[in-house]
Amino acid sequence: MFPAKLQKYEHITELTPEIMHELIERIVVHAPDKSSGHRQQKEDIYFRFRVAVASAVLSRKDYDKRRKVA
């Protein structure tokens, strides 16, 4: 059942709300951390089917650097 559900998304070109609801169980956004002098915020993405958990740390400092380049 699990591989069959994911196979239909193998070549998607756009992430739609419907696809997100089918693949992602929940997203946890943690409180911002400013202890380093820059605002950082951690997010955990829990996928359905218990195949993976992804974590990301978002940094305002990195975002500002990218905006200046663009």
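**View 1. D44 lies in strand β2 of this predicted model.** Strands here are DSSP runs of E with at least two residues, helices are runs of H or I with at least four, and both are numbered from the N terminus. D44 has a relative accessibility of 6% and so counts as buried (buried is under 20% relative accessible area, exposed over 50%, partly exposed in between, with a 1.4 Å probe and protein chains only). Its side chain makes a polar contact of 2.7 Å with the side chain of H30. Such a contact is a pair of N or O atoms within 3.5 Å; within protein, one must be able to donate a hydrogen and the other to accept it, and residues adjacent in sequence count only if both atoms are side-chain atoms. Leaving aside residues up to four places away in sequence, D44 touches R26, I27, V28, H30, A54 and S55 (heavy atoms within 4.5 Å).

**View 2. P32 sits in the loop between β1 (24-29) and β2 (40-47).** P32 is partly exposed, at 39% relative accessible area. It touches R39, Q40 and Q41, not counting residues up to four places away in sequence. K42 is 10 residues from P32 in sequence, and their C-alpha atoms are 7.4 Å apart.

**View 3. The charged end of R26 sits over the ring of Y46.** The distance to the ring centre is 4.0 Å. The rule asks for NZ of Lys or CZ of Arg within 6 Å of the ring centre and within 35 degrees of the ring normal.

**Notes.** Residues are numbered from 1 along each chain as its sequence is written, and side-chain values use heavy atoms, without hydrogens or water. In this predicted model, local features need pLDDT of at least 70, side-chain atom pairs count only at pLDDT 80 or more, and totals for chains, interfaces and linings use all residues.
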